[in-house]
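Here are a few notes to read alongside the model.

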Amino acid sequence: MQRNISSFFRPKDGSSQGQKGSSAAVSSSPPAARKAGTDQENKKPTSTTGSPKSAKSNKADDVKKPAPKPAKRLDSLFSDEEEDVKMKKPRSKKAKDDDDDYKDEPAPQAVTISSDDEDATASPKKKKPTAATRKRKQDDDQTARPTKKRAPAANTAAKKEDDLEVLADAPPAKKKFNPAEFAARRAAVNTGVCAELPEGAPNCLAGLAFVFTGILQTLPRDDGIALVKKYGGLVRTAPSRNTNYVVLGEEAGPKKLEVIKKLGIKTIDENELFELIKTRPANGGDTAEGIKAQKKAAEEEKKIIEMSKTIGIPEPAKAVKASSSGSTSSQASRQTSEQVNKPPRSLLWTDKYAPRSIKDICGNKGAVQKLQKWLEDWPANLKANFKRPGPDGSGVFRAVMISGPPGIGKTTAAHLVAELAGFDVIETNASDTRSKNVIAEALGTVLDNKSIAGYFGETKQDVDAAKRKIVLIMDEVDGTSAGDRGGAVQMSAFCKTTHVPLILICNDYSLQKMRTFDRTTFNIQFRRPDANAIRSRILSIAYREGLKIPAPVIDQLVQSTHADIRQIITLLSTFSLGETGRKEMSFEQGQRMAQDWQKHIVMKPFDIASKLLNGEMFGARSRATLNDKIELYFNDADMSPLMVQENYLRTRPAAGANKVQTLTQLDRAASSISDSDLVDRMIHGSQQQWSLMPLHGVLSTVRPASFVANGGSERFMFTSWLGNYSKGNKLSRYLQEIQSHARLRISGDAEEVRTQYLSSFFDNLYTPIATRANEGGVEDAIKFMDEYYLTKEDFDAVLELGVGPKNGEELWKKIPTATKTAFTRKYNTGSHPVPFIRASTVTDPRKVKKEVPDLEEAMDDVLGEEEEKKEEENEEEEEEDTDLSKDKYIKKPKASAKASSKATAKAPAKAPAKGKGKAKK
Amino acid sequence: MIESVGESSTGPSKGLSKKGKDGSEGIELPWVEKYRPVLLNDIVGNIETVERLKIIARDGNMPHIIISGMPGIGKTTSVLCLARQLLGENYKEGVLELNASDERGVDAVRNRIKTFAQKHVNLPPGRQKIVILDEADSMTAAAQQALRRTMEIYSSTTRFAFACNQSNKIIEPLQSRCAILRYARLTDAQVLKRLKEIIDAESVQYNDDGLKALIFSAEGDMRQAINNLQSTVAGFGYVNEENVWKIVDSPHPADVQAMIKSCQLGDIDSALDILRRRLWDKGYSAVDIIGTMFRVVKTVDGLSEPERLEYIKEIGFTHMRILDGVGTLLQLSGCLARLCRPNIR
């Protein structure tokens with residue numbers, strides 16, 4: 001205890017770290033020395049601290065070392081590892097320097113692209129395959145390998161040392177789960193277990209395509225894929241003619257094997273892959289693929305440089321112009337251009353590099369074209385009154401709906417297209433109120449506006465010619481919320497009548513509230529662009545900002561952000577804020593950053609279910625802790641238990657070797673779910689014990705899943721509980737209704753009606769109609785209904801409530817339509833007793849006043865004259881109704897006119913039915 | 001690098017403490033507020049991220065940021081420091097700070113924030129107005145939706161900073177617009193360093209075990225550590241292990257861990273002994289004990305996952321009984337017995 005605290009009191013970053021550093025250095029030197037000779041060993045310490053590059057890296061290390069790692073032990077482990085990586089680079093560089101006198105040429109890592117030297121930009125890729133460098137590379141490799149071997153040794157040594165030191169305060173380090181700690185541990189595990197991960201020349205797998213299949217023995221597939229990508233290789237999902245190697249593991253799918261055999265692709269295992277990485281020269285060397293890849297890379301680079309000139313705020317263009325124009329004016333103009341350049345500095349990168357033309361938009365070319373065409377054709381379609389569908393059917397729509405995930409350029413595309421087609425943009429978004437009334441008022445006036453933007457320009461004569469038109473862009477349509485009730489419907493109503501083109505943008509078109517736009521808008525879907533579409537753009541932005549980022553890193557960023565371009569750009573701009581010297585992103589850095597930046601979104605119920613019930617999470621190799629799984633429950637604490645309950649029978653339990661075992665597992669899962677209901681009652685019941693939530697999560701979600709989880713073979717279903725629950729509510733409402741009608745004749749409550757009466761009702765209602773419809777069966781049924789005061793709705797309810805052999809809904813379908821209509825007609829023509837009048841059917845205000853006491857008394861047990869009186873009135877009312885339905889359309893205008901003249905101020909807007917009724921009296 | 005941070009952090013805090021002592025002795029701020037860092041340099045922990053913030057503070061042009069992490073690790077402080085350093089004397093006009101105590105539903109976003117974004121404030125080049133939305137995870141999804149285009153349209157004059165505990169409560173479109181900075185829990189050494197500074201400034205009497213207990217109970221939460229320190233000083237005047245545990249007052253996880261370990265071995269006697277002597281007789285309530293057991297079992301070493309789930313089930317049911325009002329030693333003992341049962345041969 002005492003010792004521990006004292007270790008805290010030591011200036012930790014100073015001496016203790018220094019110690020560790022030196023111990024690592026000591027343990028590392030012997031193997032290196034064995035290879036490189038003694039004099040080099042003498043030189044090494046000075047070289048690592050001496051050269052500017054390594055000094056910098058040391059400093060970087062210093063900064064990083066005290067970085068906030070969750071636990072001390074992990075902290076030191078982590079930083080040691082980092083140190084290893086960092087130290088290796090300067091050393092190998094030093095080795096190079098010793099071998100040849102290439103001191104002046106920058107090492108590949110240190111190259112930064114400078115815009116004025118075309119040659120230099122290509123240098124890292126072009127210059128390497130020269131003979132001298134290749135030789136150097138080999139030397140380099142040889143020195144690199146021993147250093148690599150040393151790494152794990154040093155690692156474990158450091159680990160042991162740390163273990164000793166931290167042993168006493170292990171409990172605090174282990175106390176609670178922490179994502180960062182987890183990540184760190186994962187990283188440690190990776191380098192610790194798979195110590196044999198090879199180091200190769202940068203980009204050595206360039207131009208080679210790999211396919212991973214089956215379960216690899218020594219490393220997880222993800223790591224293998226990351227490895228290949230790190231060295232510039234391509235990873236495909238399925239083997240094809242273009243595949244160079246298949247990395248074959250155990251239990252590969254037979255179909256894939258067949259394809260591989262047929263195409264004659266070379267198969268290797270992971271050791272051979274490592275060998276490949278170790279031996280291949282940088283950039284693929286002079287092998288066919290390598291040369292091809294290099295050529296392609298060079299071309300791409302040229303394109304990127306070309307492109308980088310055109311993107312962003314056109315400041316360099318101005319600067320170039322200024323310098324090229326006469327020397328006297330250049331001074332002044334440079335000053336102005338500098339002034340111009342100043343403000344852009346304070347722009348976000350996302351604004352600075354926002355697309356300025358259609359071709360700048362990454363991906364979704366087809367969708368953008370569609371949008372463009374629709375907008376261009378809009379005036380013509382307006383003339384045709386939107387009757388001509390056109391080739392893609394967009395001609396009949398006055399509005400389009402763009403949908404797609406965030407950050408892929410929907411809003412940008414809409415604005416650009418509008419601008420290109422010569423429209424002025426009026427935009428509303430979620431930051432504006434968009435309730436029904438506001439939309440009706442605001443848009444109603446907007447739609448007839450004309451833009452006056454042109455009148456303030458310099459060239460007034462163009463205005464009339466251009467006749468600037470307006471396009472209305474409504475962003476974030478799905479962002480309407482509680483305050484905006486009716487907004488969506490109103491908007492979609494406008495889509496039908498608008499006189500200006502309307503572009504609506506949303507993220508999730510499948511939402512319920514978007515249904516209203518189904519028929520009124522032309523849906524254009526934007527998809528996430530693939531890495532290829534994004535890469536060149538990101539590279540050119542990076543180039544403009546002087547960042548050097550290898551293509552594989554970008555691919556990785558694209559993957560982890562789900563192709564969210566905006567986020568990648570933001571990420572890069574944040575990255576560039578780091579230490580000022582750092583202009584290059586390594587693969588590992590990219591990986592870590594991508595992991596950090598992974599958007600944490602609340603998972604959807606389906607994702608939760610499939611993640612839980614997929615065996616992966618509960619497998620032996622799973623790295624997910626119990627807390628991770630409970631966290632899944634908390635993603636949607638209401639839905640995830642229901643989803644598990646719905647789907648737990650759809651999996652094939654891993655432990656289920658035979659049927660008995662399977663059943664046992666299912667039984668356990670079911671018991672756990674039922675236990676969770678007990679907990680749920682304490683949480684949501686009167687006690688409100690919310691502290692039991694984690695327990696509920698375990699019992700309702702995690703534990704059942706742990707029993708049955710193993711790759712659901714069927715598709716997961718959405719929980720049916722909600723539907724059944726509301727159906728149950730509906731049916732008990734029916735029951736209540738029937739009981740309240742029939743109570744004048746029977747004495748049972750709703751439950752008894754269900755258990756005792758319904759069966760007999762069914763026999764007396766359905767059976768006569770089904771069996772002897774023509775021999776008075778219909779009349780009998782109606783008579784029976786009248787006797788029990790059952791309405792037509794009650795009749796339907798009785799059918800719906802039937803179960804088993806009396807499943808009325810099914811049976812009713814089998815009755816001939818003629819019989820059904822005869823029954824309906826018969827029932828509608830006759831008059832029927834109703835036990836009481838519902839207030840909603842009473843129309844005349846005067847009548848209501850009169851009947852209020854009646855209504856109450858009808859509910860009382862005392863019945864008598866009141867009853868008859870009421871019935872009379874009912875009949876009267878029904879007559880009115882039927883009357884109306886017959887000649888409603890003929891007399892409507894007259895009646896409503898009368899009504900409005902007669903009616904009190906109270907009910908002018910009510911349906912004509914009332915007016916009619918009144919007028920008659 | 002760290003040295004310089006340390007020095008500067010003691011500087012203002014010392015100055016502050018002197019002021020506090022010279023000025024009025026009657027009114028004393030909570031130490032958490034008194035020693036809340038004013039400059040980014042004073043912020044402890046998360047070096048790399050704070051380093052970036054410093055660069056932003058120096059160069060201006062702050063991107064939209066989301067800072068997420070556990071409570072008490074300096075999220076709000078970082079944002080406030082950043083804003084203060086960026087805007088200096090313009091802080092008052094240039095910053096709109098809203099936290100969960102303010103009204104910030106859709107309407108507030110549409111009116112207040114949007115108006116602020118449109119407002120003109122004279123700021124030096126490269127500086128923008130800043131909207132700080134603290135505890136942003138408690139904003140409704142609708143309010144967040146309403147921020148989306150506002151963040152873009154006014155980005156030339158206004159930047160947003162969010163601080164939140166769970167970044168998954170921020171809708172994806174907002175995350176896509178922001179630089180996401182994740183703060184990690186502070187290491188024990190970092191908490192200790194700061195505690196020492198405060199102890200020096202307040203000339204508190206302490207021993208090492210007391211500090212260790214403080215740090216242990218805080219679990220990397222600086223605010224809690226400082227609060228507990230102040231409470232201990234106020235209550236007992238001397239910081240030692242015993243006093244700290246009296247203040248923190250929850251069953252010691254190490255004891256509970258030992259108890260669970262005994263159960264794993266099927267050693268019911270020693271488990272009951274621990275329960276009796278180290279937990280129950282010290283006066284901890286059954287709810288506290290069972291709650292700690294639940295937390296410990298989730299992460300304790302040496303349990304396979306099925307065992308762990310089984311333990312959680314047993315402990316959970318006991319928890320329910322206790323919540324029902326049966327918070328007796330018998331219930332806890334019974335729970336331990338059930339935990340031992342599968343391991344007794």
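1. A salt bridge here is a side-chain nitrogen of Lys or Arg within 4 Å of a carboxyl oxygen of Asp or Glu. By that criterion the structure, which is a predicted model, holds 30 salt bridges over all chains.

2. Before the details, a word on confidence. Chain A has an average pLDDT of 67, and 55% of its residues score at least 70. Residues 1-195 of chain A have a pLDDT below 50, yet this stretch makes 220 contacts in the model beyond near neighbours in sequence. Residues 847-873 of chain A are also below 50, with 35 such contacts. Where pLDDT is low, the predicted coordinates should not be read in detail.

3. Chain B in outline: its secondary structure comes to 17 helices and seven strands. Of its 345 residues, 58% are buried. Among contacts in chain B between residues at least 6 apart in sequence, 73% join residues at least 24 apart.

4. Which residues have the most contacts inside the largest nonpolar core? They are L53(B), I65(B), L82(B) and L195(B), in a core of 78 residues. Helix α4 (residues 75-87) of chain B supplies the largest share of this core, seven residues. Leaving aside residues up to four places away in sequence, L53(B) touches L40(B), I65(B), I67(B), S78(B), L82(B), L181(B) and Y183(B). Another core, of 45 residues, lies apart from the largest one, and its members include V698(A), I289(B), I322(B) and L336(B).

5. Chain B has an open sheet of five strands with parallel pairing, in the order β2-β3-β4-β1-β5. At the edges stand β2 (95-98) and β5 (179-182) of chain B; each has a single partner strand, so one side of each lacks a neighbour in the sheet. On average, neighbouring strands of this sheet are turned by 15 degrees against each other, direction ignored.

6. Within that sheet, β1 (residues 65-68) and β4 (residues 158-164) of chain B run parallel and are joined by four bridges. I65(B) has A161(B) as its bridge partner in β4(B), and I65(B) is also one of the residues with the most contacts inside the largest nonpolar core. Helix α6 (residues 106-118) of chain B packs on the sheet and touches β2, β3 (129-133) and β4 of chain B; its direction makes about 160 degrees with that of β3(B).

7. Chain A has an open sheet as well, made of four strands in the order β2-β1-β3-β4 with parallel pairing. Its edge strands, β2 (234-236) and β4 (266-268) of chain A, each pair on one side only. The twist from one strand to the next averages 35 degrees. Three bridges join β3 (residues 245-248) of chain A to β4(A), the two running parallel, and V247(A) stands opposite I268(A) in β4(A). Helix α11 (residues 254-263) of chain A packs on this sheet, touching β1 (209-213), β3 and β4 of chain A, with its direction at about 150 degrees to that of β1(A).

8. Helix α23 (residues 551-560) of chain A is worth a look: eight of its 10 residues are buried. Among them are D555(A) and Q556(A), along with V553(A), I554(A), L557(A) and V558(A). The helix is followed by H562(A), which has a positive phi, near 60 degrees.

9. Is K629(A) buried or exposed? K629(A) is buried, at 1% relative accessible area. Its side chain meets that of E305(B) in a salt bridge (2.2 Å, N to O). This pair crosses between chains, from helix α27 (residues 626-635) of chain A to helix α16 (residues 305-323) of chain B.

10. For contrast in setting, take E810(A) and K813(A), whose closest N and O atoms are 3.7 Å apart in a salt bridge. They are three residues apart in helix α35 (residues 808-814) of chain A, and therefore separated by about one helical turn. E810(A) is partly exposed at 41% relative accessibility, while K813(A) is exposed at 60%.

11. Finally, a salt-bridge network links E427(A), D475(A), R566(A), R149(B), E152(B) and R177(B).

Key. Residues are numbered from 1 along each chain as its sequence is written. Chains are lettered from A and ligands numbered from 1 in the order in which they are written. This is a predicted model: local features need pLDDT of at least 70, side-chain atom pairs count only at pLDDT 80 or more; totals for chains, interfaces and linings use all residues. Side-chain values use heavy atoms; hydrogens and water are left out. A nonpolar core is a set of buried Ala, Val, Leu, Ile, Met, Phe, Trp, Tyr and Cys residues joined through side-chain atoms within 4.5 Å. Buried means under 20% relative accessible area, exposed over 50%, partly exposed in between (1.4 Å probe, protein chains only). Contact means heavy atoms within 4.5 Å. Two strands pair if DSSP finds at least two bridges between them. Axes are lines fitted to C-alpha atoms, for helices over the stretch in contact, and angles run from 0 to 180 degrees between N-to-C directions. pLDDT is the predictor's confidence in each residue, from 0 to 100.
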